[in-house]
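Please keep the structure in view while reading.

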Amino acid sequence: MKELKESIIKRIKANFADAVERNDFKDNRLDFSVKKETIPAILFYLKDEMGFVHLSDVNCVDWLEDGELEVVFIVWSPADKIKVFVRTRLDRDNAVMDNLDMIWRQMNTYERELREMFGVQFTGLEAPEEFILEDWQGPPPFRRDFDSAAYAEKTFWHRPGREDAQDVRESIADRDGEEIPDFAKKYSR
Amino acid sequence: MREKATTLYIGPQHPGITGNMMVKVQVEGDTIVKARTEVGYLHRAFEKLQESRNWLQSFTLLCRFCVPEPDPVEESYARAVELLEGREVPERAKYIRVLMLELARMASYMLWYGGQNGSLGLYTMGQWSVGDRNYILDLFEELTGGRVYHMYIWPGGVRRDLPDGFADKVLRTMDYLEKRLKDYDDLMFENTIFQKRTQGVGIISKEKAVEWGVVGPVLRGCGIKSDIRIDDPYEVYDKLDFIVPTQEGGDIWARALVRRQEIRQSIRIIRQVIEKMPSGEFYNRIPNPHKWTLPKGDAYARTEATRGEVGMYIVSDGSTHPRRTHFRGAAYVHGITLLEDLLIGENVADISAIMNSLGTCPPEIER
Amino acid sequence: MSFFDLNGTLKPLTALKQFGKKPHTISYPKESKEAADRYRGLHFNDLDECIGCGNCSTICQNAAIDMIHIEGHDGKKGDSGLRPRVDNGRCCWCALCVEVCPTGSLSLTKDYLYVSEDPDSFLWTPGKDNPEGKEQISFFSTEETSLNVLDRVPMPELEGKERVKSFAEVVLGYNEAEARAEASRCISCGLCTEVCPEHMHIPEYINAIAAGNDADAVRIIYDNNPLPEMCGKVCTRRCEDVCAIASRGEALAIRWLKRYATETAVTADITREIVNPEIREANGKTVGIIGAGPSGLTAAYYLALRGYDVTIYESSAKAGGATMYGIPKYRLPIESLDKQIDYIKSIGVKINFNTKVGKDISFKEIYNKFDAVFMGVGFPDAWSLGVDGEDAKGSMQAFRYLYMINSGDKVDIGDKVIVVGGGNVAIDAARVSRRFGADVTILYRRRVEDMPADWEEIEGAEDEGVHIIPQGIPIKVHKDENGHVKSVEYLKAEMVPDPKGGRPKPVAIEGSNTIIEATAVMAAIGQMGDYSFLEKEFEDKIKIERGRFIVNEKQQTGDPKVFAGGDAVNRTADAISAIADGFRACKAIDEMLSA
């Protein structure tokens, strides 16, 4: 397994100079970070040249603090029994990358979802505008800066009848005249 | 003379559809020329919700990703968390998990028996298999306290140990169901109507299967041997003896035959699990859930469900809540691109049969 | 395949054989299915067992559980008085609430049928609205399955044999990893804050430690306790008695966590830097404080922060009061106390040492000099045993003994010490004597489990080889020819239950006289005050009853300008109560002088 992993790393690095690998996983996993321009080529290469014919998963993580979106592809080789994570980071304000649904056809669905939920645009994607959401005007809702709880509060309403609920910590503090300083309150539950 | 194309809306409320989704088809005569799936009726943003729940709370949402077979989702989440945290799971818990997964597989296939036959107008089968499925639900109820949503497999192991006498009850149920499967064969697989409606319908070629990301029984129905339980073994599947059935043909019939054999393999696995299950701990206790943090990083765990590969991708930023979770459902790849393509040229009456044969599960597509 | 397939047409007809078979279904509504033994149905809550910690409400990911007041449960120490109410319209019966319930009062039942046209009727207070649920409990939690972490992270300590060789601190303190692990057991209910006399913000600072932010923890701790490191080492920690986790496991080590946090501020300067207190501009008002014990220091610190000019008069050479002179250094090292006092001084509190009020300066002078006066004078005297021969050489007060040892004096105790009493002072005197190489025996009227001393202290004493004779009542101290203690005679006692339901009383057994040899006898049966420093005119105004000052809820005595706190006021007689008194007095003085 160790040798196999190393040979895969060697081949990938020989072909894709910008690939940064991680090989500290105990199981059959490898991880490569690449520039977004490399994504189509590396996925094609993994699928056609190295036997990673199965696309397990595609998804996106919003790293709001870094101003970046990370798109992660997980591919699997039935022959080598290894899964490879390929990841790339996109500028949050300009999240554009190439359409990939010619590599795996089901990628089309993933791209539609990422476009709708994270605002990642795939150049050349042919698919209806809407996927899950209907008439959605707001920001991509799966981004971290979209507060779904606040949205729900604003859009819907609470059923009356539960206003007598009390906070245990506050009710004890009130009873004792304990004054919890404001800076400490973030540590209350 | 070219027939006039008509647009039909199948769903979102339709007994032949496997949940709330819509297939918008254009038909000429009764032949489909174009199909477009419309989803969005079951979107609950579970993945986003999980971000505001802690690592333990998240787990109770998971069973709702797919109603007929919630356990593989729970298992893949639990395993992803364990992978990321490096948490050991007691051996007994692994066996109990396999027992759960296989019971769930059987229960799900028995629901499929009903759905697949119902889609062809053969309703007796559904009454039988769904009735018999209740015996499995009884087992679930006794083991987990819930019939449909079990919320039983959680990070670190399982929630409760087997109750007294449970193993014998499982074996008795297996004996009963094994006998019943013969009746099912007579009613279903030997039935001319079933054969004629399924053979040569909804064909997927081997090449297409790979190209379009087909998984699970559908892929095995195309003659490709692929099963995560063997390829990327998890829990204790590598210690169990079972075969992965395949069928050539790639049509509904082939897929049905694969499932027919798999349910028998499940019985075989369950019997082995009961025999080999070691005693000992069933749970490696997690810390206080309110303050339980996972190390920074990500993990992906995948499980073979009746619909194919389901998987849970989790990302932690080192806090008490997930940074991001993503559920990969088998229906996600089957129910949209593949279904849209597969329906072209088929008879409008076969839509529901094809959907059932693909294991389409709308709540899993939208989550 | 031909169009007509005989086999395929006939085989399905075998289904007809099912006719006449017994159906698997049951005939609802005549019969309803008996749920499994583990069924997760409607909730039941044992209202008397429940302590209203609200952990169920916090874990509920559907926000289905509210904590509400219900009649008959008004709350008491260790019980918030709130009880969960479940919105069954939201509940998904995941039973995480059951798994996290520290008392195990909440469970799910076999009852799963509830039908109503009124959506509001789905709000249930389990236990109140379904008392019959008690008989149907099915899904419950045990210690085995509980999601509370029941076991405390053990505190590293010196070995018993090592300890008696020196006055090195016995308890070594948590390291960072241990502290984080221990802090993360907390469920943040806050029940502990109620029994803390000072109402420290316990869940907040524990959560700050769990989150890895020790500096915030220190800031939160100093919000209302200026001697937290002392409390972190020797507090009587009544908070731990009501810890929700203690219902089934070991209480959070609240005291040790406070100790951990405050010890991260290694010096007074670092403490100042971390706490970074806001000191208001001097307001020109002055406050005089008698006694630099915990209550006096507390009042001084918070008054100084509020811009008052504060002066403390202390009769001894060092500040700290009973925590300096009463507590042995293996429990509270002198450096630790000094660090805290240096910090208090650093914000502007002035302390006049070796100044005994009534001797070096009169009370009247202080009274006239300051805008307000606070007395934290403590209990400087001790009760005597009241038995024959107590005047022998080598017979002494344990409290006095500790004072002298802590002052650095030498005391001749010989090699056989008998300590009479069962409180912390008795244990302290015994353990100190062990460190001077004596064989030590504690003689206590009641049973070991009745001892008011801290159980950890009792265990520590036993580990160090202190011998405890329970149910022994001393009746005479025998002297040798030089008038020195030779032996102690005592009677064995039997425990007689109190007919009124109080704790059992020791009653001496006639004729059970036993004599043990001794070179020193120490009485540790209680202390008392000395108010001779008050001039007559003040003594009348500042009322004293049963040896204690009478104060109102603001710590104000009969003279509105004079406030009092600490052992000379409260009955609990511990440091944290004294701190609470000082803090209350500070607020009252501030209120009075800024009016």
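In this predicted model, strand E12 of chain C and strand E20 of chain C, the latter spanning residues 520–523, pair in the parallel sense over three bridges. Within that pairing, C:Met396 has C:Met522 of E20(C) as its bridge partner.

**The parallel sheet of chain C**

- The sheet is open and is formed by five strands in the order E12-E20-E13-E14-E15 of chain C, with parallel pairing.
- Its edges are strand E12 (395–397) and strand E15 (467–469) of chain C, each of which pairs on one side only.
- From one strand to the next, the twist averages 25°.
- Helix H17 of chain C, residues 424–435, packs on this sheet and touches strand E13 (416–420), strand E14 (439–443) and E20 of chain C, while the direction of H17(C) makes about 165° with that of E14(C).

**Domains of chain C**

- The domain assignment divides chain C into domain 1 (43–139), domain 2 (160–274), domain 3 (281–380 + 529–593) and domain 4 (383–527).
- The centres of domain 3 and domain 4 of chain C, taken over C-alpha atoms, are separated by 31 Å.
- Between these two domains of chain C, seven residues of domain 3 are in contact with ten residues of domain 4, and the domain 3 side of that contact comprises five nonpolar residues, one polar residue and one charged residue.

**The antiparallel sheet of chain B**

- Three strands of chain B form an open sheet in the order E1-E2-E3, and their pairing is antiparallel.
- Strand E1 (5–10) and strand E3 (31–38) of chain B are the edge strands, each pairing on one side only, and neighbouring strands of the sheet are turned by 20° against each other on average when direction is ignored.
- Strand E2 of chain B, residues 22–28, is joined to E3(B) by seven bridges, the two strands running antiparallel, and B:Met22 stands opposite B:Glu38 in E3(B).
- Helix H12 of chain B, residues 330–343, packs on this sheet by touching E2 and E3 of chain B, and the direction of H12(B) makes about 170° with that of E3(B).

**A helix pair in chain B**

- Helix H11 (residues 252–276) and helix H13 (residues 351–358) of chain B have axes that come within 10 Å and cross at roughly 40°, and the crossing of H11(B) past H13(B) is left-handed.
- H11(B) contributes B:Ile252, B:Arg255 and B:Ala256 to the contact, whereas H13(B) contributes B:Ala353, B:Ile354 and B:Ser357.
- By class, the residues of this contact between H11(B) and H13(B) are four nonpolar, one polar and one charged.

**Overall form of chains A and B**

- Chain A has six helices and seven strands, which follow one another from the N terminus as α-β-β-α-β-β-β-β-α-β-α-α-α.
- The radius of gyration of chain A is 23 Å, whereas a compact globule of 189 residues would have a value near 16 Å; along the principal axes, the C-alpha atoms of chain A fill a box of roughly 70 × 40 × 30 Å.
- Chain B has 14 helices and eight strands, and its C-alpha atoms fill a box of roughly 70 × 45 × 35 Å along the principal axes.
- For chain B, the radius of gyration of 21 Å agrees with the value near 21 Å that a compact globule of 367 residues would have.

**Contacts between chains**

- The contact between chain C and chain B takes 33 residues from chain C and 25 residues from chain B.
- On the side of chain C that touches chain B, helix H1 (6–10), helix H2 (55–59) and helix H3 (96–100) of chain C each supply at least two residues, with H1(C) giving the largest share, three residues.
- That side of chain C has 16 nonpolar, eleven polar and six charged residues.
- The contact between chain A and chain C takes 20 residues from chain A and 29 residues from chain C.
- On the side of chain A that touches chain C, helix H5 (168–176) and helix H6 (182–185) of chain A each supply at least two residues, and H5(A) gives the most, with seven residues.
- The residues on that side of chain A divide into nine nonpolar, four polar and seven charged.

Conventions. Residues numbered from 1 in each chain as written. Chains lettered and ligands numbered in written order. Predicted model: local features only at pLDDT ≥ 70, side-chain atom pairs only at ≥ 80, totals over all residues. Helix = DSSP H or I, 4+ residues; strand = E, 2+ residues; numbered from the N terminus. Nonpolar A, V, L, I, M, F, W, Y, C, P; charged D, E, K, R; others polar. Domains from an automatic or database assignment. Pairing = 2+ DSSP bridges. Axes fitted to C-alpha atoms, helices over the stretch in contact; angles between N-to-C directions. Left-handed = near helix turned anticlockwise from the far one by under 90°. Rg over C-alpha atoms; globule rule 2.2 N^0.38 Å.
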